[in-house]
Amino acid sequence: MRRSILIILPFFPYPIVSGGHLALFNSIISIKDDYDVFLTYTAADSKAQHEAEISFKALAPTVTLFPQYQFESKKKRIMKKIRKAIMYVGRALSIIEQEDNDIKISKGWIGSILPLQKDWLIHIEKLCASNSFDIIQVE
């Protein structure tokens, strides 16, 4: 019996538009014949996204997709803008990188203040509760 693996990604790795996409895509393709691969990710509910999933399935028909589509409410759009602003400030601070009165600005604080979306966590919890995965890989 083949082992099953759930791969949790923050984005869909296809089409390949970056080195990160390429690395994830190649990893999935390289294990798809030896494992039952289940892929979950967040994505916009759009025609382009659905077309990308169809194209991906043509290349990897044995990979099971569990997308969690993001429907943007007004609150989510505002939160996205706030997160972008926080990331911008974080990059600016990391560029400055200075010490002043024994206070050093840290580059790593951004990730610790941006929580995961609750609906994303619930989606993953339901997947794990309803399936028996041998391996869970989080990217």
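Predicted model: local features only at pLDDT ≥ 70, side-chain atom pairs only at ≥ 80, totals over all residues.
1. Residues are numbered from 1 along each chain as its sequence is written, and side-chain values use heavy atoms, without hydrogens and water. Local features need pLDDT of at least 70 and side-chain atom pairs count only at pLDDT 80 or more, while totals for chains, interfaces and linings use all residues.

2. Isoleucine 28 is placed in helix α1 (residues 19–31); helices (H or I, at least four residues) and strands (E, at least two) are DSSP runs, numbered from the N terminus. Isoleucine 28 counts as buried because its relative accessibility is 1% (buried: under 20% relative accessible area; exposed: over 50%; partly exposed: in between; 1.4 Å probe, protein chains only).

3. Beyond its neighbours within four places in sequence, isoleucine 28 contacts Ile7, Leu9, Pro13, Val37, Leu39, Phe56 and Val63 (contact: heavy atoms within 4.5 Å).

4. Rings of Phe, Tyr and Trp (its six-membered ring) pair if their centres lie within 6.5 Å; planes under 30 degrees apart are stacked, over 60 edge-to-face and the rest tilted. The count by this rule is 7 aromatic pairs. Phenylalanine 38 and phenylalanine 66 are stacked, at 6.0 Å centre to centre and 15° between the planes. Phenylalanine 38 lies in strand β2 (residues 36–44) and phenylalanine 66 in strand β3 (residues 64–70), so their pair ties together parts 28 residues apart in sequence.

5. Phenylalanine 38 also forms an edge-to-face pair with phenylalanine 133, at 5.3 Å centre to centre and 70° between the planes. Both phenylalanine 38 and phenylalanine 133 are buried.
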